[in-house]
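The structure should be kept in view while reading.

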Amino acid sequence: MPITLTEAAARQVRTQLDKRGKGLGLRIGVKNVGCSGFAYTYEIADELNEGERVFESHGSNVVVDARSLAFIDGARVDYTSEGLKRAFKVENPNAEGTCGCGESFN
């Protein structure tokens, strides 16, 4: 299944790429950490590494490596703004639970 971006997330990815003047898209990964076991990582991808896949939504790209894709396959990425906090938020159908702060999942 593809990784999809909401319109708000796609717009934010384009904004970040425009500020930098370069980039392929948003790279999302999964790392072992947090109180629930895993956490998401985000960075701008300038190039495609071996084994990575690109998913396009609303004119923006998401880049995911094969290991991370196993954890977030079918996820939807949104960009939220709550008070002063602005962040990408992953709606992951594979997560069985999240910690109280929402930073990690299992």
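Predicted model: local features only at pLDDT ≥ 70, side-chain atom pairs only at ≥ 80, totals over all residues.

Which residues of H1 are buried? They are Ala9, Ala10, Gln12, Val13 and Leu17, where buried means under 20% relative accessible area. Around the axis these residues cover an arc of only 160 degrees, which puts them on the same side of H1. Glu7, Asp18 and Lys19, on the other side of H1, are exposed. After the helix comes Gly21, which has a positive phi, near 80 degrees.

The strands that H1 lies across are E1, E6 and E7; the helix, formed by residues 7-20, runs at about 80 degrees to E6. These strands make up an open sheet of 3 strands in the order E1-E6-E7, and the pairing is mixed. Strand E1 (4-5) and strand E7 (85-91) stand at the edges with a single partner strand each, so one side of each has no neighbour in the sheet.

In general, strands of a sheet pair through backbone hydrogen bonds, in either a parallel or an antiparallel manner. Strand E6, residues 76-82, runs antiparallel to E7, and 7 bridges join the two. Within this pairing, Thr80 has Ala87 of E7 as its bridge partner.

Methods:
Residues numbered from 1 in each chain as written. Heavy atoms only, no water. Pairing = 2+ DSSP bridges. Helix = DSSP H or I, 4+ residues; strand = E, 2+ residues; numbered from the N terminus. Contact = heavy atoms within 4.5 Å. Axes fitted to C-alpha atoms, helices over the stretch in contact; angles between N-to-C directions. Buried < 20%, exposed > 50% of the residue type's maximum accessible area, 1.4 Å probe, protein only. Arc of directions from axis to C-beta.
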